[in-house]
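Hello,

I am handing over the structure we spoke about. Please have it open while you read the notes below.

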Amino acid sequence: MSLRRRDLFRFGGLGGGIGLIGAAGWSIGKVLGPKDRPAAALPALDLDCTTDPATVSASAGPAADRYGAKFAPAAYYAGSRDNLHIPPARAPFSSDVREFDLSVVETTLEVAVGQNVKVWAYGGSVPGPIIRATVGEQLKITLANHAEIAHSIHFHGAHDVMQDGLERVATGGNQVYQFEAGPVGLHPYHCHVPPYARHITKGMYGAMIVDPREPRPAAHEFVLCLCGFDTDGDGRNDVYTWNGLAGYYQRFPLKVPMGELVRIYLMNMLEHDPVASFHLHAQTFDLYRSGTSLTPHEHTDIVALGPAERAMIEFRLPRRGRYMFHPHQSHMAERGAMGWIVAI
Ligand SMILES: [Cu+2]
């Protein structure tokens, strides 16, 4: 069954739309009855964020210039990128070495409908796989370079300087990085071979979550990595995405149960833009900068993030409905970085 956002609004507001979501297999498991519907239907928005991408081309005229139309996923995407935004479950502390494979392959990613970018992909994906460990665990991360030029993995956080990922790994080469996970928080990893702006804008980054020994409260967890693509080579970003595909979370909103704790790990891996932000509509959140503290630094509805800066946020959505999120830099929001969280 094919479901588009404008269909969702057409069927009597969000209650009807969520019924359809369930029918389409997107439900998180709760069966909704008539009493579960919101008191009033949500107003339709003037955001044609689901313009059928198959009908859009760069020369398609005014329709193609409608908000978001050119910054949508290709029509064939079917919402199967959960591994890029749902982190692995937290595991108890282990004295065993945790092993990860971040080998690099070259591939092509359709970052927005019809816009194909050649990328270097850690573990075959952009962003790379989410690494998760408990503070103090030993990590062993392997990079086999299957790409045509040299790459590396540099990890943020604290570790032995000999494991800092500054050495180039030549084509066909292998490198193993071993260090202790820490400190608690959210730390990016990325290629550090110059010009590394080019390597990063071609997809060479990912998130590493380091959990405290005493687990944080149970929550619905997501990772959102803000990424840009310079599709015309002019040194500026042309397409902005959360986790690699423009408009993905417009078409496939994150879904959470109403009233339950949500935790999002945010990361800004943009090159070329000096600052970006994450703004949540209709709800405020606790902000833990870099995720390194167990108590929040601030309570707000927006957090600014410089390059490679990250944050952990926690909130609950008290009402059934759709909550927009986006960078407050409008050119980013309008070029692919708009998304939704639906509380069911
Ligand atoms: Cu690289």
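What follows is a short account of what was found.

This is a predicted model. The mean pLDDT of the protein is 83, and 80% of its residues reach 70 or more. Over residues 1–66 the pLDDT is below 50, although this stretch has 83 contacts in the model beyond near neighbours in sequence. Where pLDDT is low, the predicted coordinates should not be read in detail.

The largest nonpolar core has 85 residues. Among those with the most contacts inside this core are A207, C225, L226 and Y265. Strand 10 (residues 220–229) gives the most to the core, with 7 residues. The core lies between domain 2 (42–80 + 217–343) and domain 3 (88–211), because both give residues to it. Apart from neighbours within four places in sequence, Y265 is in contact with L186, A207, I209, V223, G291, R310 and M312.

An open sheet of 6 strands runs in the order 11-10-13-18-15-16, with mixed pairing. Strand 11 (239–242) and strand 16 (298–300) each have a single partner strand and stand at the edges, so one side of each is left without a neighbour in the sheet. On average, neighbouring strands here are turned by 25° against each other, direction ignored. Strand 15 (residues 285–289) pairs with strand 18 (residues 310–315) in the antiparallel sense over 4 bridges; A311 in strand 18 is the bridge partner of R289.

Last, a hairpin. Strand 2 (residues 104–112) and strand 3 (residues 115–122) pair in the antiparallel sense over 8 bridges, and V104 has Y122 in strand 3 as its bridge partner. The hairpin has 2 residues between the strands, and G114 takes a positive phi near 80°.

Regards

Conventions:
Residues are numbered from 1 along each chain as its sequence is written. This is a predicted model: local features need pLDDT of at least 70, side-chain atom pairs count only at pLDDT 80 or more; totals for chains, interfaces and linings use all residues. A nonpolar core is a set of buried Ala, Val, Leu, Ile, Met, Phe, Trp, Tyr and Cys residues joined through C-beta atoms within 7 Å. A residue is buried if 20 or more other C-beta atoms lie within 10 Å of its own, exposed if 12 or fewer, and partly exposed in between; C-beta atoms are placed from the backbone. Domain bounds come from an automatic or database domain assignment. Two residues are in contact if their C-beta atoms, placed from the backbone, lie within 7 Å. Two strands pair if DSSP finds at least two bridges between them. pLDDT is the predictor's confidence in each residue, from 0 to 100. Axes are lines fitted to C-alpha atoms, for helices over the stretch in contact, and angles run from 0 to 180 degrees between N-to-C directions.
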